[in-house]
Amino acid sequence: MRTQICIIGGGPSGLLLAQLLHRVGIASVVLERRSRAHVLGRIRAGVLEWGSVELLRLAGVGARMDAQGHVHEGIYLASRNKGFRIDFKKLTGKSVMVWGQTEVTRDLYEARDAAGDPVICGVEGVAPHDLDSDAPYVTYTLDGAEHRIDCDFVAGCDGFHGPSRQAIPAEVLREYERVYPFGWLGILSETPPVSDELIYANHERGFALCSMRSDQLSRHYLQVPLGDRVEAWTDSAFWEELRRRIPTESAEALVTGPSVEKSIAPLRSFVAEPMRWGRLFLVGDAAHIVPPTGAKGLNLAFSDVHYLHDGLTRHYQGDSRALDSYSERALARVWKSERFSWSMTTMLHRFPDGGGFAQKMQDSELAYLEQSTAAQTALAENYVGLPF
Ligand code: FAS
Ligand code: PHB
């Protein structure tokens, strides 16, 4: 088989890239290791920057999002049993969209079907070859049969554990990482959200986040020690701990119910440079990871897609400058989002070795935020999404 772009990974970045390329007549093939059901069973991001919203609309997959998603014009930050609001709309003129990654991915899979380019799921042993030549190709097996795809370029959209980043020679690749000494225990419940907007809570017992997916589907998180196992957390233990960490007013309004999903995710900051090697481009989690405190993971994947789609489109029109600057352009925005995600995580979590001084620094940062329009504007413009 031959195509223009071979995309490794049928998660949100691979699917969105394929859909945007399709709309400008550039052919691609998406190879996905898991089944579609498995990919759609993942519960991950919940907040879209406005740039991501506009990109999904450009890709022709924004209809359900616009009909069922919720536009949020702010968030609440809480500590010491009280909270204050950061008004995105007033401070930046922008908002965010609460629309789950699962729904985004569902719409993108259906768009691939409608385009007659279904994702090839269930592949094994995906391996890119001759990336430093002008004739790269990708091999894989499916149902025991060997396959080869010859292409012009390879997009590594295969997430943190995929093969693409490993294909870059060790002497070329530079990796930067910070692993946090805690994780997030997340719960999805068919209960009404406790608040009309997200609540990020700093508490001496640990961070808590109250989010949502719809009027009847809530998503909550608790900071937990690294060694915690999800089996050790009953639903009632989760709700009791959440009530302790959020302001009393919210705790009293909290409607609890059985979890429909419960999992613990580790937190890390990670960036791999460069995001291009020869004919390979790294996209999304294949190149970078952020702690979810800034709601940036999915949105960063989409900004990479924006830059790569722009570069490939111009390349096939005869101008390769944007493609040649893909890594530099993408990384400039990646590092700003890494900083924001790290700063939100540092401000809101309890660090085991932090001590009294760290708590005082968090208290003063939150107090400064509460009283400073300049500080709130800086947080707001990062949260709604810096320009592409
Ligand atoms: P993905 O990891 O989503 O997709 C990569 C795809 O490649 C997967 O489908 C995988 O099966 C496939 N793949 C891997 N190896 C392959 C191979 N060898 N061959 C073929 N296919 C292969 N972000 C937020 O903004 N907010 C959140 O709350 C949030 N919560 C998260 C919770 C968890 C547990 C995790 C892991 C991530 C979370 N994220 C969150 C980040 C997440 O949303 C990612 O940023 C987003 O999925 C990135 O999309 P992709 O780059 O497409 O990577
Ligand atoms: C979510 O709803 O899953 C969510 C929202 C905001 C975050 C992280 C996760 O910062």
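**View 1. A polar contact joins the side chains of His288 and Asp304 at 2.5 Å.** A polar contact here is a pair of N or O atoms within 3.5 Å, where within protein one atom must be able to donate a hydrogen and the other to accept it, and residues adjacent in sequence count only if both atoms are side-chain atoms. The model is predicted, so local features need pLDDT of at least 70 and side-chain atom pairs count only at pLDDT 80 or more, whereas totals for chains, interfaces and linings use all residues; side-chain values use heavy atoms, with hydrogens and water left out. Residues are numbered from 1 along each chain as its sequence is written, while chains are lettered from A and ligands numbered from 1 in the order in which they are written. His288 belongs to strand E20 (residues 288-289), strands (E, at least two residues) and helices (H or I, at least four) being DSSP runs numbered from the N terminus. With a relative accessibility of 2%, His288 counts as buried, a term that means under 20% relative accessible area with a 1.4 Å probe and protein chains only.

**View 2. Ligand 1 is surrounded by 29 residues.** Ser13, Glu32, Arg42, Gln101 and Asp285 are the closest of these, and a residue is counted if one of its heavy atoms lies within 4 Å of the ligand. A polar side-chain atom of Arg42 is placed 2.8 Å from an oxygen atom of ligand 1, and a polar backbone atom of Arg33 lies 3.1 Å from a nitrogen atom of the ligand. At Gly297, a polar backbone atom is 3.2 Å from an oxygen atom of ligand 1. On its own ligand 1 has 990 Å² of accessible area, of which the protein covers 85%; such areas come from the Shrake-Rupley method with a 1.4 Å probe. Helix H1 (12-23), strand E2 (28-32) and helix H9 (297-316) are the elements that give two or more residues to this shell, and H9 provides the largest share, three residues. By class, the shell holds 13 nonpolar, eight polar and eight charged residues, where Ala, Val, Leu, Ile, Met, Phe, Trp, Tyr, Cys and Pro count as nonpolar, Asp, Glu, Lys and Arg as charged, and the others, Gly among them, as polar.

**View 3. Ligand 2 has 14 residues around it.** Tyr200, Ser211, Arg213, Tyr221 and Pro292 come nearest. Strand E15 (208-214) and strand E16 (217-225) are the elements that give two or more residues to the shell, with the largest share, three residues, coming from E15. The shell divides into eight nonpolar, three polar and three charged residues.

**View 4. Three strands form an open antiparallel sheet in the order E9-E10-E11.** Strand E9 (124-129) and strand E11 (145-150) stand at the edges, each with a single partner strand, so one side of each is left without a neighbour in the sheet. Neighbouring strands are turned by 15° against each other on average, direction ignored. E9 and strand E10 (residues 137-142) run antiparallel and are joined by four bridges, two strands being paired if DSSP finds at least two bridges between them. Glu124 has Thr141 as its bridge partner in E10.

Conventions: Axes are lines fitted to C-alpha atoms, for helices over the stretch in contact, and angles run from 0 to 180 degrees between N-to-C directions. Buried means under 20% relative accessible area, exposed over 50%, partly exposed in between (1.4 Å probe, protein chains only).
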